[in-house]
Amino acid sequence: MNKIITPLYFFAVMLLIHNSPVLAQTPNDSTQIKETVLNYLEGMETNNPQRIEKAMHPDLAKRTIEQNKEGVEYPENMTAASLIGYSKGFDFTLFYKADVDPKEPLNSEVIIYEISNGIASVKAVTNKFEFVDYIHLGKLNGEWKIINILWAMTGNTNKWMNKQ
C-alpha cells in the first residue's frame with residue numbers, strides 16, 4: 001500500500017508546484033485591483049466610457065435591490081454594455097450626496113477584503129457618490145476585471161433618490 005501512496009503524494013506535490021504560478025498572487029495584485037476599481041468609479045465621475053470598459057469584463061452583472069409599486073423587492077440588473085453606454089452622457093452627479101461640491105476631487109476608498117487564486121472581493125465608497133459597491137474581480141489573462149457589482153444607496157439626499 002505504501003508503494004502506491006508515496007507516488008501519489010509526490011504527484012500531488014508536483015502538481016501543486018507546477019500550477020502555483022497560475023494561482024499565486026503577485027505583489028502588484030492589490031495595486032492592479034485598486035486601479036481597476038478606480039477606472040470604474042472615476043470613469044463614471046468623468047463620463048469616460050474607455051476607463052469603464054477597461055475595468056469591466058464583458059459579462060459584468062451589476063445589480064441593486066429595487067422595489068416595485070406593490071412593495072415587492074427584486075434585483076435590478078445592468079450589463080457592462082449598458083453601463084458603458086450610460087457613461088457617455090449620463091449625469092452621474094445625480095448620485096452625489098446633497099452636501100457635495102461638484103468641483104471637489106473624487107476620493108475613493110477601495111477596501112480589499114480578500115485576494116485568492118485569481119479572484120478578489122472588494123468594497124468601494126467615495127466622498128461624493130451616495131452609494132456603496134461590493135465588487136468581485138477576476139484575473140483573466142493577467143488583467144483584473146470587474147465581473148460582479150452589488151450596490152446599494154447609502155442615503156437618500158441625492159437627486160436620483162429625490163427625482164419626481
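Tutor: Let's start with a term: strands are DSSP runs of E with at least two residues, and they are numbered from the N terminus. Keep in mind as we go that this is a predicted model.

Student: Thanks! Then in which strand does Leu 60 lie?

Tutor: Leu 60 belongs to strand S1, which covers residues 56-67.

Student: Which strands pair with S1, and in what sense?

Tutor: On one side, S1 and strand S6 (residues 143-153) are parallel, with four bridges between them. Strand S2 (residues 73-79) runs antiparallel to S1, and seven bridges join the two. To find your place on screen, look for Ala 61 opposite Asn 148 in S6, and for Ile 65 opposite Pro 75 in S2.

Student: What should I look for in the hairpin of S1 and S2?

Tutor: Five residues lie between these two strands, and Gly 71 has a positive phi near 85 degrees there.

Student: Back to Leu 60: is this residue buried or exposed?

Tutor: The cut-off for buried is under 20% relative accessible area. Leu 60 has 4% relative accessibility, so it counts as buried. Its contacts beyond four places in sequence include Met 78, Thr 79, Leu 83, Ile 146 and Ile 149.

Student: Now the helix H2: how does its reach compare with what is expected?

Tutor: H2 takes in residues 29-45, 17 residues in total, and spans 24 Å from first to last C-alpha, close to the expected 24 Å. Among its buried residues are Ile 33, Val 37, Tyr 40, Leu 41 and Met 44. Just past the end of H2, Asn 47 adopts a positive phi of about 50 degrees.

Student: How many salt bridges are there in the whole structure?

Tutor: The general idea first: side chains of opposite charge can pair when their charged atoms come close. Here, the search finds four salt bridges. One of them joins Lys 139 to Asp 29, with 2.9 Å from N to O. This pair connects distant parts of the chain, since Lys 139 is in strand S5 (residues 131-140) and Asp 29 in helix H2, 110 residues apart.

Student: Which residue forms a salt bridge with Glu 42?

Tutor: That is Arg 51, with 2.7 Å between the closest N and O atoms. Glu 42 is partly exposed at 23% relative accessibility, and Arg 51 is partly exposed at 25%.

Student: And what is the N to O distance between Lys 145 and Glu 143?

Tutor: Their side chains meet in a salt bridge at 4.0 Å. Lys 145 counts as buried because its relative accessibility is 15%, whereas Glu 143, at 42%, counts as partly exposed.

Conventions: Residues are numbered from 1 along each chain as its sequence is written. This is a predicted model: local features need pLDDT of at least 70, side-chain atom pairs count only at pLDDT 80 or more; totals for chains, interfaces and linings use all residues. Side-chain values use heavy atoms; hydrogens and water are left out. Two strands pair if DSSP finds at least two bridges between them. Buried means under 20% relative accessible area, exposed over 50%, partly exposed in between (1.4 Å probe, protein chains only). Contact means heavy atoms within 4.5 Å. The expected span of a helix is 1.5 Å times one less than its number of residues.
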